[in-house]
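The following exercises are to be worked with the sequence and the structure in view. Each task is followed by a solution in steps.

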Amino acid sequence: MALSDYDRNLIERCLQKQAQAWDEFVDRYAGLISFVVSSTCKSRGLDLGLATQEDLVQEVFVVILSENFVVLRRFRGNCSFATYLTVIARRVVVRSLLQKYITPDGATQAKNSEKVEALDVAESEGVEEYIDNMDEVLFLISRLPERDAKVVKMYHLEQKSYAEIAATMGIPENTVGPLLSRAREFMRTNMQLK
């Protein structure tokens, strides 16, 4: 899969440190990174809280920012950009978990540590399918009205609850479900027209 023009432009803008480019990058890929963190933990049965998973997401973004965006500079286009970020994110998560749960002498530090020792950098099931559809999903979301797009992103990409979405958007909680249903129907219809 070739690098999309949008991603090529976004990467270039980040490398040039243009205003708002990094915020746009985070908005575009926070859902993917969160998914990788969550699936990495779940695939190995790790019982990590939401706060710990959010810390891991932040660690991934810190690595991407480090050394003047060295991670972005190393991307060669041999795969989709989302696949590249998935591999980077998974490696950061695995390394971080190993550092937090395994002592230098190999002893374990926490109840989840036996599971952490078994981690590897292979893709977890479901991630490839998620990545393959990411650009199309983001394109379809971009065609929704702004409010609907925000709700869809919060629910499907950020994994927020109806209550969290309602509070953030300032709408009644019982309107979130119907809004998501309408948005899904719109995206389904538009996907079939392609």
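**Exercise 1: An aromatic pair**

Phe25 is buried, as its relative accessible area is 0% (buried means under 20% relative accessible area, exposed over 50%, partly exposed in between, with a 1.4 Å probe and protein chains only). The model is predicted, so local features need pLDDT of at least 70 and side-chain atom pairs count only at pLDDT 80 or more, while totals for chains, interfaces and linings use all residues. Residues are numbered from 1 along each chain as its sequence is written, and side-chain values use heavy atoms, with hydrogens and water left out.

Task: Determine how the rings of Trp22 and Phe25 are arranged.

Solution.
1. Rings of Phe, Tyr and Trp (its six-membered ring) pair if their centres lie within 6.5 Å; planes under 30 degrees apart count as stacked, over 60 as edge-to-face and the rest as tilted.
2. This rule gives nine aromatic pairs.
3. For Trp22 and Phe25, the centres are 5.2 Å apart and the planes lie at 15°, so this pair is stacked.
4. Trp22 and Phe25 are three residues apart in helix H2 (residues 21-43), and therefore about one helical turn separates them (helices are DSSP runs of H or I, at least four residues, numbered from the N terminus).

**Exercise 2: A pair between helices**

Task: State which parts of the chain are linked by the pair of Trp22 and Phe69.

Solution.
1. The rings of Trp22 and Phe69 are 5.7 Å apart, centre to centre, with 55° between the planes, and form a tilted pair.
2. Trp22 belongs to helix H2 and Phe69 to helix H3 (residues 50-74); the pair thus links distant parts of the chain, 47 residues apart.
3. Trp22 and Phe69 are both buried.
4. Ring pairs join Trp22 and Phe69 into a cluster with other residues, including Tyr29, Phe61 and Tyr84.

**Exercise 3: Two helices in contact**

Task: Describe how the axes of H1 and H3 cross.

Solution.
1. The axes, lines fitted to C-alpha atoms over the stretch in contact, with angles from 0 to 180 degrees between N-to-C directions, come within 10 Å and cross at roughly 160°.
2. H1 is therefore roughly antiparallel to H3 (angles under 35 degrees count as roughly parallel, over 145 as roughly antiparallel, 65 to 115 as roughly perpendicular and the rest as oblique).
3. Ile11, Cys14 and Leu15 in H1 meet Phe69, Leu72 and Arg73 in H3, where contact means heavy atoms within 4.5 Å.
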